Every structure is written in structure tokens, then in C-alpha cells.
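This report describes selected local features of a multi-chain model and the contacts between its chains. The sequence and structure come first, and the description follows.

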Amino acid sequence: MREITYSEAIREALRQEMKRDERVFLMGEDIGPFGGSFGVTRGLIDEFGKDRVRDTPISEAAIAGAATGAAVAGMRPVAEIMFSDFTTIAMDQLVNQTAKIRYQFGGKARVPMVLRTPTGAGTGAAAQHSQTVYNWFVHVPGLIVVAPSTPRDAKGFLISAIRNDNPVLFFEHKLLYSFKGEVPEEEYTIPLGVGEVKREGKDVTVFATSIMVHKALKVAEELDEEGISVEVVDPRTLKPLDEEILIQSVRKTSRLVVVDEGPRSGGFAAEAVAIAVEGAFDYLDAPVQRVAAPDTPVPYSLPLEKAYIPDEGKIRAAIQRTLK
Amino acid sequence: MLKEVIMPQLGLTMTTGTIQKWLKKEGDQLEKGEPILEVMTDKVTMEVESFDSGILKKIVAREGEEIPVTQVIAYIGDEKDEPSPELIARATEAKAALASEAAAVAEPQKEPALAEEEEGGRIKASPLARRLAQEKGLDLRLIKGSGPGGRITKEDVLKAAEEKERRPAPAEAARVAAPQIAGAPQVAEVIPLTGLRKIIAERLSESFRNAPHIVITMQVDMTQAQVLRDSLLFLVEEKWGVRLSYTDIILKATALALKEYPGLNSSLVGEEIKIYQDINIGLAVAIPDGLIVPTIFGTDGLSLSEIARKREELVKKAREGSLSLDEVGGGTFTMSNLGMYGVESFSAIINPPQAAILAVGAIEEKAVVREGQIVIRPQLTLSLSADHRMVDGALAAQFLARVRELLESPYLMLISG
Amino acid sequence: MAVTKPAEKTLTREKKLEMLRTMLKIRHFESRVDEFFQRGMVRGTTHLYIGEEATATGACAAIEPTDYITSTHRGHGHCIAKGGELPKMMAELFGKETGYCRGKGGSMHIADVDAGNLGANGVVGGGLAIATGAALACAMRKDGRVVLCFFGDGATNQGVFHEAVNLASVWKLPIIYICENNQYAISTSVKTAFNIENIADRSVSYGIPGVIVDGNDVTSVYDAVSEAVKRCRQGEGPTLIECKTYRWRGHSKSDIQIYRTKEEVEEWKKKCPIQRFKKRLIQENLLTEEEFEAMDKEVEEAVEEAVKFALDSPYPEEEELFEDVYA
């Protein structure tokens, strides 16, 4: 199968859905001729015109709110927030409006919108351009939260998200954009809320999100040579979470390491651990480990940022702590 | 300072309690008000809460031991508290027993290599290891942990289980070998005689051994009782939401008869026969792990509907296991009804130290002769077992005849008592 | 709203030369930063102030060292104009321990709080409310200080712009909102993001003066800001000043600049704020070509000193990650 990048896979999903359904349109800052800060929407304006690929002023609250309103009124907008850090500016819209509309109106309205946003650290962009914020939205009932780790997942989930009648927040790790992988050319969907075992193993489960999946896979490969069999599970959708895939894996391996780039306290890793302990307590053979970012803002300086981000060394050490 | 944990007195009539289960282990941290052990008394298991906060330093009474109320069963203290020699001495018996158990399991090793203990003495073991050990009947204290921080893991438990299988402990060896030697029937399951079952066994053998039973039987024509029940059933159900049963009517009749024949409402304690003024009939109720007898206090003074409501409440509590100690004590007479199982008649064993028990069979349509005619009538068989030391045959017969009379002409109940 | 005419009679030669020197500092500093970017020695993203030097320089020349400024993601120029030390700035961009923020902030978060620079900002419009709050403190403490709040054209389409300016207006806070209209919010031209000719026109809706200035003319900026500062100190409240300017370089390192023509860029380069001011100073006989060369060389050397300092400085220890963490 042909290989394309994560970024291309997203663009392909957008293109195919825009062709398929004329209600689908894009809006965001510099997504038109400029192609978005990470080039994801590059070329789409030439194909679909500026009516359906809309550059907006720097107005995140209006982007999120207008996408919500357009969705309620029959369109299927895909909004982009340039950095996930800036979802804060759209927070009132997303949390108090987007997430609540269907429920508080007794099901009389739907909000079929997608909000795509680049996320994560590792680019030296410091405290306001590097955060992992998806866990905030996991905590808001009424929002679907996706963080795909591969080009294949990115395309399949984005199409599902666009076709879904409810708001989906789609987090794309900046460092994944150039990742290549096999992606079917045709349209396909992956059901929201379904995780995937990215690598089978029997000694320890590593439950990793977004880019951390790749770091976990790398460690799994290294440890394989040392005779340690690591199972890597990727939830892919953080809300609703595939709890069963986590519980089943832990029941199988009896050991769990959760890896997430978000800060440790009140983080997604904590949630995953809670689910595992609730669902597989009597199967646990070692204390559960969390590998997460420390409770600090993301620092700028190279050595500090390296120390900040969960990496292969930390994952490996955590796995070993469950074994010895 | 060490504080004593005592066998509590949990009911007015309680003199001893059996330690059913320790809910805390030595070294566990305890909060005031937290359950610390389960005590069984008079067929009821109760949780006992700690009076003090601190560390459970020493347990001096084992599970299964019957201990007089107020006797010390454990000590609570803080980290600095060291058990005194005297305390250790008192604990010796229990410790020795524990040790012999331990030796039986871990015979190959002279000094069992113990698992790492966390602060406070709790054994470090993974949840999986704990579950497996429990399933395999292994004592975690005797398993060496190889996991992170000396924690016992699944692998350690499996290894221990394997070892145990290879070298079965003597007691177990005997148990396994026995059927082969004797050619005795294959045992499907071995259920230790503990808890409620043990108490029932002790009580009933004591009764059967000590109280010479006399059993008399009578047939009762329930035609009128049936009319009575049919005419009240709807009213009672409508008003109180309970179904009036024949048991209620028989209870009422029995209570009124007891009032007239107090010799049956009595007990033999030592050299004395106590005749009770209160008529508190206990009703035997089958529950999953045995039998329990809640008491309907002042049965004679209750109306039929009151009896029905009380009966229903107590049966429900019995099945939920939520009867209080006071609800199962204080009985002066017992009634046991196996009619619902189709039993025509049976003789019951007296609930000591009471004088008698009434066994109630099923009501069945039977051909009987009335005024020279063979007619079909609903017939009930009542059997009274009485302690012959207190109750003569004639007294028993008179009493039972009166019960029959009240049931056959239930309106008499209105002018009795 | 007339375009303000330069009225630079009040400025001494010394002050004028200092303003020229500041603009040169910014230009040389940014040129070096541009290079270090391309060599991958400066991380993340950064936004160069080249072409816009007159705005920060003229504005900051109109306030006292005790006054405050808030800056933007394109903040190096503001920091230098407010008296920032080049070595500490360069060290910060290199992520070194000796940087203004001990290496933790980088390009978008340079702050020099001791000098009254309340910091650059990674979020468009992020400084607007902060500046307003600082002005509130000045008003409540009656310390006579004013706040210069720098922001770009893009920021005025954030909700917080409306909220902050309105608040400052109704409370008559001592703050000058300086909109650096450099024509583009990344790729988005003001022509597509606004339906009004001048951003200063928005002042009407808040009931405050709105002033349009040639942002590439350092003395025009100086005059306009001076006037606004006077109003502030007299308790007359805020002013919105729109400085029309242009950034020569892309928005950031990654900008391929497909949204504008080379001709447009060349046209603006002709309006270079440094060359214009230099020419005028020479015309006014306040500066000779030789003196300019000497000044230019001196500034260049100072920037090189800063580079050397930054290169020689150590990276922070890993423990620094947890410094200033309290929750």
C-alpha cells in the first residue's frame, strides 16, 4: 500500500469529505493560500475556493462559536485552531456552548462540527505553543476527543469525525505531521471510541496516546531483544474511551504503564490508571506506572524541554519498574 | 499506651462470642469506628468496630475461638508500643497454633523466607498474587516475594503452589490418602464445620442428648380457618400489604393456648423450671446457610394482622441476614412449619432451653368422616415435641387439643386470652 | 483623524542619536537572530522586528524608565527599545541560564520586568488585558506611571481587545494602546481581515482618541505617543495609536510568504525607518556619514559581544525545570 504522511492523510480526508458532502467547509487562521501554520490545508483553497476554505481573522472564540452555529444550522464545518494552546480563547464557546447544545435542548439540535488543532511539545516553541491540553476536554461531557497516532488512523478518524453528528475535537501532534505510514486511498472510517492494540505482547501493557505510541513501540522493540514482551495499546479516541481494550490487555499482562504527554496531575494517564484498577484490580501483578510530563509549563531551553517530555528512556524505566 | 480490644457483649443474653473473622491483621492501621472483626453469637454474625485508633499490635484470640464477653482478644497501640512479655504469654497459645499451621504448609524450609513487609506489617503482594493465593489456599506470609520492592507476584504464588503440591503437608497427605486406604466413597467436597452450621450442630445435639423428647400428633380440620383466612385475606392485604398466612393463624392459636397452658411456655435451667409470663414464639426460618429463629414478641397480644406483618418483616430480615441480636433472642416457644415443602407431619427437635416446639405440616384435602358421612376436608397435622422432663404427656395433649380447637373454631380466639 | 506631523523640536541631538542607535541595535540584533535560526541554533519559532524599528523606538523614547510596556510575539524590538540588555536577550534565545528568563521563555516570552517590560506574549492579544491591569495599578497607586501596550493588527480582532480598551476607557486608565499595523497577520492581509480603512477608527466606539501614525517615522511615533502620555498623566485616559508599518521578513521562520509580492516588500524597504532617520539627521547637520558608520560598527560589535556571551553561557541544569513551580 502507498505510504503518505500524517499531514497528507488529513488533507486527503478533508478533500474526500469536501467532495462527497458540500456542507463540509473549512475555517481557520491562515488556512487558505498559506495552507495553515503546518501546511495541512495547503492546496485545498485552489480546489474548493475561498468560500469553502475560509481564512478568518485571529478570532478563536468566533471560529469555534461560528463553527458551532453553522453546524446547528445545517453545515458540517471543520474549524482549525492554529495551536491547541489557543483553544483557551475559544473555551467558553466549546465548553459552554458546543458541548451543551444537544443535551440542553433536549436533543432538538445537533452540532456536527470538527475542531482540528495541532498539539504537543518538542518544537522549542515554549510555554504557550507546546501544551497538551486534550485532557481538559475529556473532562467536558458533550465533546468527543480524538488523538490519532498514525496517518491511517488520522484519515479514518477524521472522516468519521466529519460524518459524526456531534462535536469532535481532533488533536494532531505537531511532530507527527511528517510521519509516514500506509494509508488506503479510498474513503474509510474508523469508529470513534475504538482503540487498537498496536503491538501484541504478554508481559506488560503500555497504554500510550498520540505521539507517545511511537515512543512506546520503539521501546517495545528494544525490550523484545531482551526477552520482555510489551503490548502497546493506543486508545486513539480519548473520549469516549475504549475502556475494554485497556482492561482486557491488563488482564492479560497484569502490568500497566500509561504514557501521556500531558502534565501528570489530574491528567489523562491518571484516568487510564483508574479505569485499569477498577476493571482489572485482581489481575495486577505490579504497581501501575505513569509516564507523564512534570507539573511545569513547557520550558524553552533545549535541555529543559528534553527533560520535560516523556521519552523512550522514561518509558523503558517505567516498564522495568513493573518487572523488578 | 496499649489499649485492649475485648469480646464485646452484643446482646442482652450473650455470654460468649465466637471470633468468626479478623478483618484486620497485626500491624494494620485502625481508625476509631472501623470494623475490626466479625463475631458470631446466637447464630448471628456481627461486625465489631474498634473503640480506638492506632495500630493493631497483637491478636490473642484466633478465628473460631469462643471467647467469654469482655475478655481481651487483641491490643491496639502506637508505633512505640511493644507487646509486654505477659501479653506475649497470653498470645502463646494462639501463636503456637498458627505456627503449626505454618509448619504444615512450609515444611521443607526450616525458616520460612517471609515476604517483605511494608510499614505497618502488611505483606507486600500484588492484587493478582493475593487473589491467586486465596484461590489456592496459600498463606502469603510464607511466600517469598521476588517482584518490585520484594513484592509477592503471581509467579511467586504459582511457585509456592507447585512446591506445596510436590510436598503435601502431613495433614493434607492423610486427607488425600484416606479414601484410597479405606475404599470409602469419594469425597466431592469437604466443608469445615464452622460458623452457623457449627452452632446449629452443637445446639441441636445438646438438645437431643439432654432433653427427652415426647412427640404427640393431632389432625386439625382447617375448614373454618380457611373461611377465616379467605374472608380476611383481601382486607389485610389491602390495608397493610401483607398476605395473611395459615402460619399467622396457627401462631395466634398457639399463643392463646400457651397462655392457658403456661407449662409449655417454660424452660429448664439448671435445677429450675422457669415459667414465662411473656409469650414470645420463635418461628424457624430456613436461610441459605442454615436456619434461624426470629422471635415474635408478645405473640398472644397481637392481632392477626400484626402477627402477619411482624412475621413478614422477620422472615425478610432473616433472608437478608439483617436480623439484630435482640430479634433472635428471648423466645419462649418455637414453631417450625415445613408445610410449604409438602411435608405431612414431622417431629422437630426442641430449641433449648425451651420446653416445646410445634411442628406444622401441610394442609391437605382428605376424606374424613363427619356425622357418618365421608366428606373431603382440609386437614392439617400438628406435631408437638416437648421436653419430657418438664412436660407430661397429658399436659402436652391438652395443650395441643386446645390449639386444634382454636383452629377448628377460630371465632373462639375472639373470646380467649 | 489627521496624520500627525512630526514636531521634533523638543528633541535634543543626543536623544535623536540615541533613537538612531536603538533602531540600529534592533536591526543588527534581529539580523543575527535570523541567521541563528537558519543555523538551527535558536529553537522553536521567532518573529523578527526588522522594518518596524521606528515604532518601538519612537514609542519607548516617549516614556520614562519607570513606565511599563507589554510586548508581543514579535517582541525583541520592544525589549531593546525599553532598555533591554542584548547579552541577556541573546542568551535567552539560545536557551541559556544567563538569559532574561533563565532559558525558560525563549523568543516569545522575553521579559525584563525590572526595566518595566512586562513581557512578550505567545498569544495574539495576550498582553492587552495584562497591560490594562498594569495601568489600573498605576491609577490606583497614583504613581504617575503609564503603560504602553504593543499589539499587532491581528490582535484587534480578538475579543479581549474590545474588552480591555473599553474597560480602560470607562476607568480612564493611563494606557496607550499601540497597534503596530504591519499589514499582515501571518498571511492574512488587513484588507481581508478588516472592513475598515484604519484600525484607529475603532477608537470611536470606545470614546477615546484614535491616532494614525507613520510607523516607519520614528519622530512621528515619538510625537504621537508623547501626546498620549501627556493625556495619561493628566488623567484623561487611554489613546489608541495605529502605527502603519511593515515587516520585511516572513511572519516567522517557516513563512514562505506566498501572500505578498516581492515588489510590495521592495516598495516598503524604500521606507526603511533607519535610512529615513539617518538621512534626516544628516540633513539637519546632526550626524555625519562617518559618525553613522562608527555608530553602526559600534552597535554591531555590541551585538557580537552579546552573541559571544550567549554562546559561552551554560545551559540551565535540569533542576531548573522545577524552579518557580508552586502548583
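Helix H8 of chain A, residues 212-225, has 14 residues and reaches 21 Å from its first C-alpha to its last, close to the 20 Å expected at 1.5 Å a residue. The model is a predicted one, and the values given here were computed from it. The buried residues of H8(A) are A:Met212, A:Val213, A:His214, A:Lys215, A:Ala216, A:Val219, A:Ala220 and A:Leu223. An α-helix has 3.6 residues a turn, so residues three or four places apart point the same way. After H8(A) comes A:Gly227, with a positive phi near 85°.

**Backbone geometry**

| Cis peptide bond | Omega | Loop holding the second residue |
|---|---|---|
| A:Lys239 to A:Pro240 | near -5° | between strand S12 (237-239) and helix H9 (243-253) of chain A |
| B:Pro352 to B:Pro353 | about 5° | between strand S16 (333-337) and strand S17 (356-370) of chain B |

In chain C, C:Arg102 has a positive phi of about 55° although it is not a glycine. C:Arg102 belongs to the loop between helix H4 (86-93) and helix H5 (128-141) of chain C. Is C:Arg102 buried or exposed? C:Arg102 counts as buried because it has 20 C-beta neighbours inside 10 Å, and the cut-off for burial is 20 or more.

C:Gln183 is not a glycine either, and its phi is positive at about 80°. The loop that holds C:Gln183 runs between strand S3 (175-181) and strand S4 (184-185) of chain C. With 17 other C-beta atoms within 10 Å, C:Gln183 is partly exposed.

**A sheet in chain B**

Four strands of chain B form an open, antiparallel sheet in the order S1-S8-S6-S3. Strands S1 (3-6) and S3 (29-30) of chain B are at the edges with a single partner strand each, so one side of each has no neighbour in the sheet. Four bridges link S1(B) to strand S8 (residues 72-77) of chain B in the antiparallel sense. Within this pairing, B:Ile6 is opposite B:Val72 of S8(B).

**Confidence in chain B**

Chain B has a mean pLDDT of 82, with 83% of its residues at 70 or more. Over residues 91-113 of chain B, pLDDT stays under 50, and the model has 23 contacts beyond four places in sequence for them. Residues 170-182 of chain B also stay under 50, with eight contacts beyond four places in sequence. Where pLDDT is low, the predicted coordinates should not be read in detail.

**Contacts between chains**

The contact between chains C and A takes 33 residues from chain C and 29 residues from chain A. On the side of chain C that touches chain A, 14 residues are nonpolar, 15 are polar and four are charged.

Chain B also touches chain A: nine residues of chain B are in contact with 11 residues of chain A. Which element gives the largest share of the side of chain B that touches chain A? That element is helix H2 (residues 127-136) of chain B, with four residues. By type, the side of chain B that touches chain A divides into four nonpolar, three polar and two charged residues.

Note on methods: Residues numbered from 1 in each chain as written. Chains lettered and ligands numbered in written order. Predicted model: local features only at pLDDT ≥ 70, side-chain atom pairs only at ≥ 80, totals over all residues. Pairing = 2+ DSSP bridges. Helix = DSSP H or I, 4+ residues; strand = E, 2+ residues; numbered from the N terminus. Buried ≥ 20, exposed ≤ 12 C-beta atoms within 10 Å, placed from the backbone. Expected span 1.5 Å × (residues − 1). Contact = placed C-beta atoms within 7 Å. Nonpolar A, V, L, I, M, F, W, Y, C, P; charged D, E, K, R; others polar. pLDDT = per-residue confidence, 0-100.
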